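Dear colleague,

Please find the structure below, handed over for your use. My findings follow directly after it.

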Amino acid sequence: MSFAKNWIRKDIQSLNAYHVPEPIECLKLDAMESPFSPNQDFEKEFLQHLSKVDINRYPEPSAREVIKSLRSLMNIDENHGVLLGNGSDELIQLIALACNEGDTILSFSPSFVMYEMIAKFSRLNYIDSPLIDFDIDLENTLQLIKETQPKLIFIAYPNNPTGNLFDKNKIKAIIESTDALVVIDEAYYAYSRDSFLDDLSNYENILLLRTVSKIGFAGARLGLMIGASELIEEFNKIRLPYNINSLTQSAATFLLEKKEYLLEKAKEIIKERERVYQYLLNRSEVDVYPSDANFLLLKVADANHLFQFLIDNNILIKNLSNAKNLDNFLRVTIGYENENDAFMRALDQYYGE
Ligand SMILES: *Cc1c(COP(=O)(O)O)cnc(C)c1O
């Protein structure tokens with residue numbers, strides 16, 4: 001047996017690594033990135049600002065300026081605490097780290113895959129409540145909560161990969177039914193009609209996660225946790241020091257201040273999403289689902305075939321066919337107008353106009 005096989009935890013050996021395709025030269029509509037790059041739109045000023053970073057020094061430990069910019073961008077009340085992570089993925093892991101051995105995490109399927117992966121890394125139990133028509137099955141979920149007494153519940157709102165908002169009253173019923181910490185993951189808040197930000201003060205057992213990854217800063221790796229100060233202070237104890245590096249801090253304090261610009265770009269994406277949605281609705285070969293995010297979920301007769309056709313035409317979207325209960329589903333991220341046009345033209349070609 002090799003050293004690695006001998007040394008590494010058996011349950012880790014049996015995991016599949018989170019698969020990210022190697023970048024290829026193509027139109028990238030697979031990863032919910034924003035097509036807009038704020039640093040290019042403000043290039044000169046941005047570079048000047050970045051050049052002031054003292055890269056030989058450790059970053060500002062609590063990234064106060066970044067938190068200030070995020071509070072202003074997202075209208076976060078001063079009463080709520082904010083904690084930053086190296087992407088919201090890091091915060092999901094941090095929350096899992098705070099659980100006891102043997103605790104259970106509950107989420108839904110299909111939903112964001114990192115909840116289950118992080119539960120496994122952290123040696124926690126994981127269960128999911130299958131969605132019905134992409135909404136929460138409340139009866140089954142409450143039953144599961146009763147049976148398994150989860151410590152943590154992750155709810156993506158809007159959900160990934162389905163793109164919809166769950167029924168808010170069902171989420172409230174879940175929050176009220178449990179002693180678990182309910183984490184509302186609002187990665188797509190910028191494209192969504194609704195949020196739990198205004199409900200934060202009404203419950204002591206909820207926490208919000210957001211990220212700037214989907215609004216033009218995926219490369220910066222910056223996520224945030226919003227919640228009661230007492231809870232945030234506890235989580236802050238297990239955050240690794242300096243988890244937000246100086247370049248990210250500097251970039252964020254400059255670019256997140258461009259509030260009007262960022263809101264404008266989000267609006268453009270929403271407008272484009274509606275345009276692509278209408279196109280797909282009119283395509284009888286494709287089922288498309290309403291979305292509050294910057295992507296659309298589609299179902300076709302042969303997803304693998306269409307996916308490959310798009311690749312051959314230099315368009316990369318996400319093939320979900322291998323995921324549980326998502327046979328023949330595909331997910332396309334909304335890009336620039338001309339990119340969305342290219343995607344729609346390719347479908348015209350594939351199916352005939
Ligand atoms: C993309 C995504 C995240 C991860 O965000 P990062 O800040 O890039 O780590 C978290 N939750 C959901 C539901 C997502 O879709």
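Is Ile8 buried, partly exposed or exposed, and why? Ile8 counts as partly exposed, because its relative accessibility is 31%, and the limits for that class are 20% and 50%. Please bear in mind that this is a predicted model.

As to its place in the chain, Ile8 sits in the loop that links helix H1 (3–7) with helix H2 (10–13). Together with Phe3, Trp7 and Ile12, Ile8 makes up a nonpolar surface patch whose accessible area totals about 460 Å².

I turn next to the ligand. The residues surrounding the ligand are Gly87, Ser88, Asp89, Phe112, Asn160, Asp185, Ala187, Tyr188, Thr211, Ser213, Lys214 and Arg221. By type, this shell comprises 3 nonpolar, 5 polar and 4 charged residues.

On its own the ligand has 390 Å² of accessible area, of which the protein covers 93%.

The last point concerns Ser192, which belongs to the loop between strand S6 (181–185) and strand S7 (206–211). With a relative accessibility of 16%, Ser192 counts as buried, because the cut-off for that class is under 20%. A polar atom of the Ser192 side chain lies 2.8 Å from the backbone oxygen of Asp194.

Yours sincerely

Notes:
Residues numbered from 1 in each chain as written. Predicted model: local features only at pLDDT ≥ 70, side-chain atom pairs only at ≥ 80, totals over all residues. Heavy atoms only, no water. Near = heavy atom within 4 Å. Areas by Shrake-Rupley, 256 points an atom, 1.4 Å probe, with all protein chains shown as cover. Nonpolar A, V, L, I, M, F, W, Y, C, P; charged D, E, K, R; others polar. Patch = residues over 30% accessible without salt bridge, like charges linked within 9 Å, V, L, I, M, F, W, Y side chains within 5 Å. Salt bridge = Lys/Arg side-chain N within 4 Å of Asp/Glu carboxyl O. Helix = DSSP H or I, 4+ residues; strand = E, 2+ residues; numbered from the N terminus. Buried < 20%, exposed > 50% of the residue type's maximum accessible area, 1.4 Å probe, protein only. Polar contact = N/O pair within 3.5 Å; in protein donor to acceptor, adjacent residues only side chain to side chain.
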